[in-house]
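Q: Can you walk me through reading strands and burial in a model like this one? Let's have it on screen while we talk.

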Amino acid sequence: MPELPEVDSYRTGLDKMIKGWKLEGGKSIWPKACIDDFSRVKNQKIISFDRRGKYLIIKLSKYYIIVHLRMTGRIDIGIDTPKYTTVQFDFDNGQKMCLVDYRKFGRIWIVDDTKPIIQHLGIEPLSSTFTLKKFKQLISKRSGTIKPLLLNQSFIAGIGNYLADEILFRACIHPLRKANTLSKDEIKKLHNSIKYIIKKSIDYGGTTFLTFRGPEGKKGEFWKKLQVFRKTGEPCPHCKSPIKRIVVGQRGTHICENKQKLENY
Ligand SMILES: [Zn+2]
């Protein structure tokens, strides 16, 4: 599933590829995928790309195209319309930008103001405002289970299932721990791991799960660096005890029970 690093690789890849291109129009092939007025994009140029959480924001001359890939969405640039395309944009050079989405949960908005779409999002984990002090403040107000809290987009924006498992493993924190039971040292480790794992995944171009591919057709390489995610039964890279799969908040979760202990809390 595309998370912050995967969306970020679209931001940088598309910037190199289609910046300055002019749109002619577009349409929804799966009507629910975009209900906005496509006439807004006519004669609009692609100015720049931004990312907020898992949202990709494409700035046009006057409007914005906002993309959320959800479960299986990917963006395809080319002259044809691939199978499973839900939304298609046409450029004046004959190329198309398609949202290709097997499960059809991905959404696109064409808006003049990005705020209503992204204002619910919490802090950006790689921004300079996400300091240890700020993280301590944010977490002190929470009493819930730590993994669902990391996945809560209004708490921190951009973390999904694989990042959360890798972050908690690196920080030696069991995903079922309550946020208000974390020690000062654990909060520090968690803050450090959030930044470290996300940066590292971006460096490797993200992962490649299901249908995700980078915009230049290049696959992310971070899956090679995963320590626990979807490694059930494989030896922990640190202590060699088998990685276990548990369910936390209805999400498959991967841990080393030796490194991430739950007792005594
Ligand atoms: Zn271990």
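Q: How many bridges join strand S6 to S7, and do they run parallel or antiparallel?

A: Before that, a word on what you're looking at: this is a predicted model, where local features need pLDDT of at least 70, side-chain atom pairs count only at pLDDT 80 or more, and totals for chains, interfaces and linings use all residues. Residues are numbered from 1 along each chain as its sequence is written. Strands are DSSP runs of E, at least two residues, numbered from the N terminus, and two strands pair if DSSP finds at least two bridges between them. Here S6 (residues 85-91) runs antiparallel to S7, with five bridges. One example: phenylalanine 89 has methionine 97 in S7 as its bridge partner.

Q: What sits between those two strands in the hairpin?

A: Four residues, and glycine 94 there takes a positive phi near 90 degrees.

Q: Which residue of S7 stands opposite aspartate 76?

A: That's cysteine 98. Strand S5 (residues 73-78) pairs with S7 too, in the antiparallel sense, over six bridges.

Q: How many residues of S7 are buried?

A: Count C-beta atoms, placed from the backbone: 20 or more others within 10 Å of a residue's own means buried, 12 or fewer exposed, in between partly exposed. In S7 (residues 96-101), five of the six residues are buried.

Q: Why does glycine 252 count as partly exposed?

A: Because glycine 252 has 13 C-beta neighbours inside 10 Å. You'll find glycine 252 in strand S10 (residues 251-255). Its C-alpha is 8.1 Å from that of asparagine 161, 91 residues apart along the chain.
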